[in-house]
Amino acid sequence: MHVVVTAATAAEWAPALQALQQSGLPAAASETEGISLAGLPAETFMLRAPGPFGLRTPLRISFHQSGVGMLATAFSLSKLIWGQRPDLIIQAGIAGTFDTQCPLSKVFVVDNEYLGDTGVLENNVWRDLFDLKLEGADNAPFQNKALPNPWLPAYNLLQLPIVDGVTVNAISTDPGQIARLTEKYKPVLESMEGAVLHYICRETHTPFLQLRAVSNYVGVRDKKQWSIGPAIAILNETLLELIKRMDEEREDS
Ligand SMILES: O=C(O)c1cccc(C(=O)CC[C@H]2O[C@@H](n3cnc4c(=O)[nH]cnc43)[C@H](O)[C@@H]2O)c1
């Protein structure tokens, strides 16, 4: 089984990569493109030896940097999927939250994703592709105007809290925009790549999981109030725990 961990920036998965490098697990040069963008060693880690009689294939973990935003992510994830056909893609990243009661650094998995800035803002009313009748509510890959993750029951092995997310090209700063997105989609998280993962993986039938740690409250522009370091630390601890659980579950099966 080949699992690819992808993030907008290499910084978001660097602690997990480092932990695997220091673990002594066998590492092989990976064909994963994108990782070289970060100037980091291209490696694929093999967890556990194949089972008795060599019947079980090892769990292969490799790392991929998609770039920030929808455009870079769409290109690099498409290339990754068509080139390597991974068995699972885990998008690991930081995110803003719309929930002012949510503690910073909390880790979630995302079910429904929405495109938060594809449409038109007219007289202060936000109309998305479905309102504009440019897309059908259930036209693939959409389902009920959203991009849900049907693989969540299979891969949310740590039973992390499940929330919905909205994806934007430009981080939301305007209170009016934040209110419109909150009212229309009721998202807990905002990212710049999530919906792309859901869209492309649904289209290509590639299992996926979006794992996000909260780094900031949406709309807060003072970077000193962001909590990027702690969010990345807990995100990577969770990622390693998930990989370990995945490996154990394969051992049991
Ligand atoms: O501070 C800025 O001006 C700025 C402009 C563009 C991007 C950033 C990032 O730090 C984004 C990195 C990464 O983090 C995700 N992210 C984190 N918080 C949010 C948010 O409130 N809204 C949307 N995305 C967010 C995003 O997925 C980026 O890839 C800073």
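1. R85 is found in the loop that runs between α2 (70-84) and β5, where helices (H or I, at least four residues) and strands (E, at least two) are DSSP runs numbered from the N terminus. The phi of R85 is near 45 degrees, a positive value in a residue other than glycine. The model is a predicted one, in which local features need pLDDT of at least 70 and side-chain atom pairs count only at pLDDT 80 or more, while totals for chains, interfaces and linings use all residues. Residues are numbered from 1 along each chain as its sequence is written, and side-chain values use heavy atoms, with hydrogens and water left out.

2. Two further backbone features deserve a look. S105, in the loop between β5 and β6 (107-115), also has a positive phi, near 80 degrees, in a residue other than glycine. The peptide bond from A140 to P141 is cis, with omega near 10 degrees, and P141 belongs to the loop between β8 (125-128) and α3 (152-155). Most residues other than glycine have a negative phi, and most peptide bonds are trans.

3. The ligand is surrounded by 16 residues, of which the closest are E190, E193, N216, R221 and K223; a residue is counted here if one of its heavy atoms lies within 4 Å of the ligand. This shell divides into seven nonpolar, four polar and five charged residues, with Ala, Val, Leu, Ile, Met, Phe, Trp, Tyr, Cys and Pro taken as nonpolar, Asp, Glu, Lys and Arg as charged, and the others, Gly among them, as polar. At least two residues of the shell come from each of β5 (88-97), β10 (189-191) and β11 (208-217).

4. An N or O atom in the side chain of E190 is 2.7 Å from a nitrogen atom of the ligand, whereas a polar side-chain atom of E193 lies 2.5 Å from a ligand oxygen atom and one of R221 lies 3.0 Å from a ligand oxygen atom. The protein covers 80% of the 600 Å² of accessible area that the ligand has on its own, by the Shrake-Rupley method with a 1.4 Å probe.

5. The space taken by the ligand is the largest pocket, since a molecule sits in a pocket if more than half of its atoms lie within 2 Å of its grid points. A pocket is an open set of points on a 1 Å grid over the protein atoms alone, with protein on both sides within 12 Å along at least five of seven lines, and its lining residues have an atom within 4 Å of a point. The volume of the largest pocket is about 360 Å³. Its lining has 22 residues, and E12, I94, I171, M192 and W226 are the closest to its centre. β5, β10, β11 and α6 (228-252) each give two or more residues to this lining, which has 12 nonpolar, five polar and five charged residues.

How values were computed: A polar contact is a pair of N or O atoms within 3.5 Å; within protein, one must be able to donate a hydrogen and the other to accept it, and residues adjacent in sequence count only if both atoms are side-chain atoms. On a 1 Å grid over the protein atoms alone, a cavity is a set of points where a 1.4 Å probe fits but cannot get out, and a pocket is an open set with protein on both sides within 12 Å along at least five of seven lines; lining residues have an atom within 4 Å of a point. Grid points are joined across faces, edges and corners, and a volume is the space filled by probe spheres set on the points.
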